[in-house]
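Trainee: Please take a close look at the salt bridges here, and describe the partners and their surroundings.

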Amino acid sequence: MAQGLLGIEALSREEIQAILDRAKDFQPRDGQSFRKYDLLRDRMVVNLFFETSTRTRTSFEIAAKRLGADSVSITASASSVTKGESLVDTLNTLAAMRPNAIIMRHAASGAPHFLQRHLEIPIINAGDGTHEHPTQALLDARTILDRGAKLEGLRVAIIGDIAHSRVARSNVYLLSKFGANVVLCGPASLLPEALKQIAPGVTLTTNMDEAIRDADVIMMLRVQLERQHEPGFSASEYFQFYGLRLEHLKLAHPDAIVMHPGPINRGREISSEAADSQRSVILNQVENGIAVRMAVLERVMAGKKTDGATTH
Amino acid sequence: MARLLIKNGRVIDAASRHDGVADVWIEDGVIKGVGANLTAPAGADVFDATGLIVAPGFIDMHVHLREPGFEHAETIESGSRAAAAGGFTSVCPMPNTKPVNDNATVTSYMIEKARRHAVVNVFPIGAITKGSAGEELAAIGSMKQAGAVAISDDGRPVMNARVMRRAMEFARSLGIPVINHCEDLHLSAGGDMHEGAESVRLGLRGIPGCSEDVMVARDILLAEVTGARYHVAHISSRHSVEMVQFAKSKGLAVTAEATPHHLALADRDMKPYDSNYKMKPPLRGCSDVTAVLEGIVNGAIDAIATDHAPHPGSEKMQEFESCPFGILGLETAIGITLEQLVHPGKIGVARMVELFTIGPARILGLDRGTLAQGAPADVTVFSTEREWTYDVNKSFSKSRNSPFDGKMFKGGPVATVVAGEVVWKI
């Protein structure tokens, strides 16, 4: 049975903790770059992105190379998908080239889950539609923990387009497993009531001040215009009600941090001042992305060699 | 013509309220009599139905046979064989063929194909509007003359209330029912499964229960205005069941059918992102499933119909949101109904027979669904006890899209008799 990483929901707290601990080992020291290892020498990984991505794809690629694995990147526009090939056939074709894992991003929720049922090769989900983005939640947790905080009892406000956010879902599952209190906030049309039922410790509010009050972590989300299928808020009204500005930070815990999975839209969901403030850890998130993805790649691929032999 | 004596079965004829061990004598394609200890004349076939239920032939008033146009998914012949293997003697194919069954030529084509190749009776349902586009009324009168038994734009519901009103007025004058797949397409746009905690969890866009309810409400009001016989296809939501019950209490000619899968499964039973669980209406929440079951018990719902919707593997082997809606239903209907309604004691076998026979026959005005003397000799013989496992790879359908593959059932079809001929038996 393939052991990839499809989502946070199915992971245990212990499994998550192990990845976060291992990621700490991979963090660069004293202003250095990421150290080069040969832990995944002779392994090969395919980066298959059906949606555009800068940070996630680059981050996975660097993570693979730093571990000594060979990596190949494919974007959908350059692949035979544009020639009408089905997703299953594309994946089967790539699997026949014997990589040790496939990292995949796709616009359809559940696409990697559907494929994993038909493929032996482990799949690492780099974001599926509006469902999960597990490595994002892991790097977010690593970033919060780096601030010396414990996740348990932490008050985390996630603000923005929750309905269409895979980042929100993965974070909700992860934070809830560790006993954090998660407040989800956004306009009612982007905040389905049923979110309360997907994990313990989740509350909802449409009022941004209420969400931020006493928050330890403020996580802003991008407005995903490409996933909205109906008229929503006007840009100016959105920023007025759900854009993070410096004055909001006064409501939060004095040590509160501001996070954003990127790409940020300055003036749309976050003001430039808030994004660049001392509280912002947005670039720490990007850096941790590599460390966390190194830990994930090691977990998925160590012990499996390209020649098909499995060592334990 | 074959002569057949079905002996010693428990004969249940909901129309005449007969329920007891008896023999059924069939000659020249019609029922000649039901009674005790009938003897077969020399040369007649005898079927021993000891321990089995002998019922009027089951009618599935909602199937998709995909012919003409989508013969790679199903044909009238293959679909009719699946029907026979499921215990059905009559099926009503919906008009979403290619071309759409919106005129007498297509209706006649289907009837002629069925006459030559089908092993069960086929009663087509015509479209309400041309091309089922929802704008201009189809050739309803001539389709009725050609043999259509009802009209529906199934799957592409009439969104324009004025068009629906005119269709109801016309249908009333012709004496045929209007069947609607109730779904406000604006509310459900882009949805892939029931809107609720499960859709939010899986990150799939939802089809809210209210998208069904809004249209049921509209149609009931129009049925009152027009006096039409109005039928809700595959009812699946709690409020819709309540509204149909309300319409009945007002004396309106409003009826409803439910599918076996909406009795057996809720959204939380879905295998994540498995398109064998993707259909419209979607598998609803638990309270909706309970309401549909109760609607069958209390009479709000008049019939069970499968919405048999074959799709070839190539279309179901995709990302969930790209897969078409619909699942097979003909071969598992009796097994699921027994499991969900009869074995738990919610209804008796007689009520189950009613839901598959005189229930749909009355809605459609068919002279079937009974074992009365002189009725067409369509008979369904089934067991309430026999254990069997559904293997979709052995299905008579040309498609394989069923969530019930590998499921064990207690009770199922044993033999199917159409016009006096045994067309299928175990």
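Mentor: B:R81 is partly exposed, at 34% relative accessible area (buried is under 20%, exposed over 50%, partly exposed in between; 1.4 Å probe, protein chains only). The model is predicted, so local features need pLDDT of at least 70 and side-chain atom pairs pLDDT 80 or more, while totals for chains, interfaces and linings use all residues. Residues are numbered from 1 along each chain as written, chains are lettered from A and ligands numbered from 1 in written order, and side-chain values use heavy atoms, without hydrogens and water.

B:R81 forms a salt bridge with B:E77, with the closest N and O atoms 3.5 Å apart (a Lys or Arg side-chain nitrogen within 4 Å of an Asp or Glu carboxyl oxygen). The two are 4 residues apart in helix α1 (residues 76-85) of chain B, about one helical turn (helices are DSSP runs of H or I, at least four residues; strands are E, at least two; both numbered from the N terminus). B:E77 is partly exposed too, at 32%.

B:E339 and B:K407 pair at 2.8 Å, N to O. Elsewhere, shared partners join A:E9, B:E198 and B:R201 into one salt-bridge network. Within it, A:E9 and B:R201 meet at 2.8 Å, N to O, and the interface of chain A and chain B holds 1 salt bridge. Over all chains, the search finds 32.
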